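Hi everyone, thanks for coming along.

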Amino acid sequence: MLRELGEDCAGAVMALPSGEVPPRRPERYEILSASKLAALVDNLPAAPLGIGDGPVTRKSLAGIQPKLLVSKLPSGDWAYSTDGAPSTHILKPEEAAYPGGASNEAWCMRLAKACGLTTVDADVLQIGEVPVYCVSRYDRIIDGDQVGRIHQEDFCQALGIETFDSRAKYGVHSAKRLNLRAMSEILRFHAPVERARLLAMTTFHVAIGNADAHGKNHSILHHADGRIELAPIYDAWSTIQYPRLTRTLSLSIDRTFQLEAISMERLIAEATTWGLGTAAARVVVDETLEHLATEVENADHRDGLTISDRFATSIRRRVSDLRRVE
């Protein structure tokens with residue numbers, strides 16, 4: 001499995017056969033025509049990650065949703081990386097069960113970037129007949145035509161939690177080991193100032209109505225100089241827009257998993273268990289909500305997306321409710 005899928009993984013790890021070394025630059029990329037890209041996207045259910053449907057695929061990425069790893073060249077062309085060349089973007093076709101899901105995720109990620117909580121770029125592309133969510137990889141460094149890898153470790157990995165059973169990434173199934181406090185302890189030891197950013201991210205997820213911010217959707221970055229920091233938000237969407245999806249939080253906040261029970265005071269109370277002071281935590285939560293309230297009104301963030309008035313109003317209402325002092 002590692003030999004076949006290990007050349008382009010999450011982070012900086014490459015799994016290569018014994019005796020082989022990482023490819024030397026310049027890396028090799030195969031430019032994809034519009035028709036070839038559409039064919040790869042259409043065939044993802046049968047050929048996950050494009051396996052067996054084009055160039056030899058040696059790529060892997062966690063998650064159950066069909067996705068394609070591609071690279072955007074300086075020319076603007078989409079390309080398939082070969083021989084271990086790093087990919088730069090992830091493409092996820094919209095699922096029929098969640099209409100508007102691609103725009104939902106793209107808008108939420110644009111809001112996160114406007115609030116200073118992520119560095120990635122998000123868009124929706126029409127590829128063939130399918131809207132496709134397109135996001136740049138946060139674990140890559142692009143300098144001109146050079147692409148570098150940054151090592152990342154999600155919090156399930158960092159806490160030693162096996163996820164062969166996919167439910168293990170949710171705190172509700174392993175609350176004694178996987179929770180925000182345990183994640184904050186790793187940050188307290190390696191990057192204490194990042195606990196405030198974890199609180200801002202948690203506030204953002206609650207405010208947009210995302211109950212799916214689980215252990216593998218939070219990571220830390222290991223930089224080449226030894227510095228460790230919290231990875232930016234890289235997976236955020238408003239799950240409450242779909243009644244069939246649960247409103248049970250993936251990670252508890254102030255000892256509750258109920259999304260509708262979360263208030264500003266509960267966010268602050270959770271943060272105090274991480275070692276943050278009450279006043280400092282209140283500033284972080286309040287500033288995050290203030291930024292989000294402003295950015296929701298910015299029409300530029302909706303360019304090229306299908307965002308209903310009902311969707312926007314639901315986030316406005318949630319932000320307003322969270323800012324209400326109990």
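A word on the ground rules. This is a predicted model, where local features need pLDDT of at least 70 and side-chain atom pairs count only at pLDDT 80 or more, while totals for chains, interfaces and linings use all residues. Residues are numbered from 1 along each chain as its sequence is written, and side-chain values use heavy atoms, with hydrogens and water left out.

So, the whole chain. You can find nine helices and 13 strands in it; these are DSSP runs numbered from the N terminus, with helices being H or I of at least four residues and strands E of at least two. How much of the chain is buried? Of its 326 residues, 52% count as buried. Buried here is under 20% relative accessible area, exposed is over 50%, and partly exposed is in between, using a 1.4 Å probe and protein chains only. Now take the contacts with a separation of 6 or more: residues 24 or more positions apart account for 65% of them, where contact means heavy atoms within 4.5 Å.

Next, the helix pair. Two packed helices are described by the angle between their axes and the distance between the axes. Please find helix α7, residues 264–272, and helix α8, residues 278–295: their axes come within 9 Å and cross at roughly 135 degrees. The axes are lines fitted to C-alpha atoms, for helices over the stretch in contact, and angles run from 0 to 180 degrees between N-to-C directions.

Which residues make the contact? From α7 come Met264, Glu265, Leu267, Ile268, Ala271 and Thr272, and from α8 come Thr278, Ala281, Arg282, Val285, Asp286 and Leu289. By type, the contact of α7 with α8 has seven nonpolar, two polar and three charged residues. Nonpolar covers Ala, Val, Leu, Ile, Met, Phe, Trp, Tyr, Cys and Pro; charged covers Asp, Glu, Lys and Arg; the others, Gly among them, are polar.

Staying in helix α8, look for His291. His291 is partly exposed, with a relative accessible area of 39%. Its C-alpha atom is separated by 9.1 Å from that of Gly116, 175 residues apart along the chain.

Now Gln157, in helix α4, residues 155–158. Gln157 is partly exposed at 43% relative accessible area. Leaving aside residues up to four places away in sequence, Gln157 touches Gln152 and Lys216. Gln157 and Lys216 are 59 residues apart in sequence, with 8.1 Å from C-alpha to C-alpha.

Over to the loops. Asp139 is in the loop between β6 (130–136) and β7 (140–143), and counts as buried at 3% relative accessibility.

Last stop: the loop between β12 (248–253) and β13 (256–258), where Asp254 has its place. Arg255 lies in the loop between β12 and β13 too. Asp254 has a positive phi of about 50 degrees although it is not a glycine, and phi of Arg255, also a residue other than glycine, is near 70 degrees. Are they buried or exposed? Asp254 counts as buried at 12% relative accessibility, whereas Arg255 counts as exposed at 74%.
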